[in-house]
Amino acid sequence: MPILKVNKLTKAFGGLMAVSNVNLELNQGELVGLIGPNGAGKTTVFNLLTGIYVPTSGTITLFQDNNQTQLQCLKPYTICKAGVARTFQNIRLFKDLTVLDNVRIAMHKNLDYGLFASLFHTKAYSEEENQLIEKSLELLKILKLHHKKDELARNLPYGEQRHLEIVRALAANPSLLLLDEPAAGMNPAETANLTEMIGWIRKNFNLTILLIEHDMSLVMKICERIYVLDYGMVIAEGTPSEIKANKRVIEAYLGEEVNHA
Amino acid sequence: MQKLLGSNFLKKAIFLAATFGLVQLLIVTGVINPFIMDTLTTICINIILAVSLNLITGFTGQFSLGHAGFMSIGAYTCTIITLRVPTTLGFITGLLAGAILAALVGAVVGLPTLRLRGDYLAIATLGMAEIIRIIFLNLDITNGAAGLFNNNQYVNWFWLFLFTAGTVVLISNFIKSSHGRACISIREDEIAAEAVGINSTKYKVTAFVMGAFFAGIAGSMHSSYFYFIKPDLFGFLKSINILVIVVFGGLGSISGSIIAAILLALISTSLQSIPELQMVIYAAMLITIMLFRPQGLMGSKELSLSLFKKWSSLIHRKNGGEA
Amino acid sequence: MEQFFQQIINGISLGSIYALIALGYTMVYGIIKLINFAHGDVYMVGAYIGYFCMTSFHMGFLPSLFIAMTFCVILGVAIEKIAYKPLRNATRIAVLITAIGVSLFIEYGTMFFVKADVRSYPPLTGLLVKSFKLGDIVITMQQLLIVGITVILMVLLQFIVKRTRIGKAMRAVSLDKEAAELMGINVNTTISFTFVLGSALAGAAGVLVGIYYNSINPLMGIMPGLKAFVAAVFGGIGIIPGAMIGGYFIGTLEVMVSGYGNSMFRDAVVFAVLILILIVKPSGLLGKETREKV
Ligand SMILES: Nc1ncnc2c1ncn2[C@@H]1O[C@H](COP(=O)(O)OP(=O)(O)OP(=O)(O)O)[C@@H](O)[C@H]1O
Ligand SMILES: [Mg+2]
């Protein structure tokens, strides 16, 4: 059963076709990789999926319990409410806020108490705030960040900042999670740890995940299917072993004279 | 947890009641003379203005140079109504009407302009305040450049305290709620905030409208206490003065705004004896502060008991080391 | 119809003055992203220097203009070195407040020395008081002088920015400061030079406005300063031809509103135009939309 269908998605920046005619299809519960050389347009695809950029043309459809939503004309926050959350390649945490606040803010959209309660700190306020803290700490525990809940995000080491981005995205309670290079800058041990974590999260949160990653060991290990992007176009699609053997993919990477695999 | 919250609330209530009672006592006994009362009133009004602007600029990160415009809407509305209904009830009605009108104008102006970023928003809000001022200059009901006289002074220490403390408590409460955090997240990173489901337009406008509402209250109190208003009182310079209090105290620090409002009022009172140099010194001070402490007195920290403890333990340690 | 052309001619003279000030705003914003609130006051100082040259020292118009421009250059560079340079890496709001502080300092400092009274500019003499008629339209030599000097200065500016090394450096720094630095451009010198150009133009505008309105006072820089800034935003801030177009547009608009509508509302109309352009096209008439890369 599909959860996301992308049809002929195109984005032009002036004359540059950052993404052109991309078709993607993700099934419920899948873990799919999106790879490609630098500048291939991977992040741009994420920005289109999350409404940060408006597509030049094409459609994005999200399927959820019998209803389908067109995402291509929605604002980022409505897309998030519809069930798509993401992390950013160049970490975008709320740097001057605490770890706890970073997570709590992502839970705001599911909050019930209104302006009046927030001004007068009514009973509804304190009950929901307590729940918020509890839930946040639960999520933080998964990536072992709970003991740092009062630290400012900017003071976390790089790896933990990446982890916090994932927790924050989870806090938005998505059904589709987009991870943009979650392992960037991590050493092999950390990457292995992260790989395991992503699998665990997918199972326990019942998620569909689309993952951009340059670390091929990670991609090949956990992705069930992979899309390869080059110059904004999908040049290959298939299982990890099919992709490894694909000539066009090898050319695309060798043409760049960087061998990631 | 519930209990802790309760005791915290009690502490605050006792502190507020004590402050009110003490000042009331000083007024009754005549220690606070009319001159000191003027300064006290200015401080309170400036606290309301600064804390409400801090919500917009310090917490939500939206740069506004037009706060005096909202203040003037409150001031004129309240005066026009109290001139016709010269009772305390008339004053309170005028004050609320002024605040609501200011909030409405805030919504009308905010919706289209809050899409703008940084400097552009600053200039747009400046333009808005200028337009409001020019409208007041040209209306009959506002008596043009000559301004309006209010015959009665309805603002006394009770109202002053009620509205100042009310503003501070409500805005602090808001900031500590999830809605307040939504505003702060916009300041931190608007794109990330939207990506986690925060409707940034909604919260920017909310902050703007709330800020305008309280600025309207400040304007009403100003008009009622000081009897006289005219459009020039609410020009560009007034907006700047409010912003200076906020920046001097620290963007995103409510206690900073309060401290700065007090300090700046004291400084300007003491400079009143040399009127020809008052503004020059004020300007020089401004430049010096920005050059040496651009984050303001408090940064984005709040004055709190734990901070006091930290300071005192630091001092103790220092003293201990010397002994 | 005659009246309309007459208004256009008046608008062009006033617009010239706005354009000269707007150029300073736009160049400084283009290069360090600062709304230099003190710029309107540099222009006011220019008017006063010109005044003293002509009255106390009985100098002619052109030498007075030249001295006023020179003095403003010194003032502008001093402001940049003392107040703005130490804040190169501070937050935008800190720099903006500093600029406002400098502006207040100059306004009230000047007021302390020359007193708050309005002074009237010495009348022009000889050929310069003549005027001639084209049909029913009156063109004064004074207007020709204002427009003439403005055009000369603009041509000169275009030449400097487009044809000289330092002009190229200015454009490079405003495009990308880090990259320019890596290419061996002295960023600090370039920024100072931008202030030199902007302040010289403001000084000239000050003297010209003295002639145009005939009266000067220490707070005269605030409103024209704001309007010139509006002009710069209108044309697209950071873009030199944009500032010129914006200046002439705002000048003409203002004269038209006074002529055909209610002069009390002319400032309100200018600010309404500002808000409109910001909402419709925040990057201004000639500006390009830029988006943050995510
Ligand atoms: N806002 C923008 N304006 C102009 N061009 C852009 C913008 N965003 C991206 N691009 C361009 O689009 C192309 C694709 O960029 P994108 O960031 O999507 O690549 P990527 O596949 O994520 O690369 P990397 O692996 O380096 O992250 C690049 O050439 C980039 O310069
Ligand atoms: Mg990328």
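1. In the points below, two strands count as paired if DSSP finds at least two bridges between them. With that in mind, and remembering that this is a predicted model, begin with chain A, where four strands form an open sheet in the order 2-1-4-5 with antiparallel pairing. Strand 2 (16–27) and strand 5 of chain A stand at the edges, each with a single partner strand, so one side of each has no neighbour in the sheet. From one strand to the next, the twist averages 15°.

2. Strand 1 (residues 2–13) and strand 4 (residues 57–64) of chain A run antiparallel and are joined by five bridges; A:L4 stands opposite A:L62 in strand 4 of chain A, while the bridge partner of A:T10 in strand 4 of chain A is A:S57. Helix 1 (residues 42–49) of chain A packs on this sheet, where it touches strand 1, strand 2 and strand 4 of chain A, and its direction makes about 115° with that of strand 1 of chain A.

3. Strand 4 of chain A is also joined to strand 5 (residues 67–70) of chain A, by four bridges and again in the antiparallel sense, and here A:Q64 stands opposite A:N67 in strand 5 of chain A. These two strands form a hairpin with two residues between them, and A:N66, which lies in the turn, has a positive phi of about 70°.

4. Chain A holds another open sheet, of six strands, whose order is 6-7-8-3-9-10 and whose pairing is mixed. Its edge strands are strand 6 (84–86) and strand 10 (233–238) of chain A, each of which pairs on one side only, and neighbouring strands of the sheet are turned by 20° against each other on average, direction ignored. Within this sheet, strand 3 (residues 31–35) and strand 9 (residues 225–230) of chain A pair in the parallel sense over four bridges, and A:G33 stands opposite A:I226 in strand 9 of chain A. Helix 7 (residues 188–205) of chain A lies across strand 3, strand 7 (176–180) and strand 8 (208–212) of chain A, and runs at about 155° to strand 8 of chain A.

5. Is A:T98 buried or exposed? This residue is placed in the loop between strand 6 and helix 3 (99–106) of chain A, and A:T98 is buried because its relative accessible area is 17%, where the cut-off for buried is under 20%. Leaving aside residues up to four places away in sequence, A:T98 touches A:K149, A:D150, A:E151, A:L152 and A:A153. The C-alpha atoms of A:T98 and A:A153 are separated by 5.6 Å, although the two residues are 55 residues apart along the chain.

6. The contact between chain A and chain B deserves a point of its own. About 2700 Å² is buried between the two chains, and carbon and sulfur atoms give 63% of this area. In chain A, the residues that lose the most area to chain B are A:Y77, A:H108 and A:L119, which together make up 23% of what that side buries. The count of salt bridges between chain A and chain B is two; the side chains of A:R92 and B:D189 meet in a salt bridge, at 2.8 Å from N to O.

7. The buried residues include B:F236, B:I240, B:V244 and B:F248. Helix 10 of chain B is followed by B:G250, whose phi is positive, near 120°.

8. In chain C, helix 3 (residues 61–84) has 24 residues and reaches 33 Å from its first C-alpha to its last, close to the expected 34 Å. Among its buried residues are C:F61, C:L65, C:M69, C:I79 and C:Y84. The buried residues of this helix pack against helix 12 (275–292) of chain B, together with helix 2 (39–55), helix 4 (92–114), helix 5 (141–163) and helix 8 (187–213) of chain C.

9. Helix 5 of chain C also contains C:T150, which is buried, with a relative accessible area of 0%. Not counting residues up to four places away in sequence, C:T150 touches C:S16, C:L20, C:L208 and C:Y248.

Technical notes: Residues numbered from 1 in each chain as written. Chains lettered and ligands numbered in written order. Predicted model: local features only at pLDDT ≥ 70, side-chain atom pairs only at ≥ 80, totals over all residues. Heavy atoms only, no water. Expected span 1.5 Å × (residues − 1). Buried < 20%, exposed > 50% of the residue type's maximum accessible area, 1.4 Å probe, protein only. Contact = heavy atoms within 4.5 Å. Axes fitted to C-alpha atoms, helices over the stretch in contact; angles between N-to-C directions. Buried area = accessible area lost by both parts, 1.4 Å probe. Salt bridge = Lys/Arg side-chain N within 4 Å of Asp/Glu carboxyl O.
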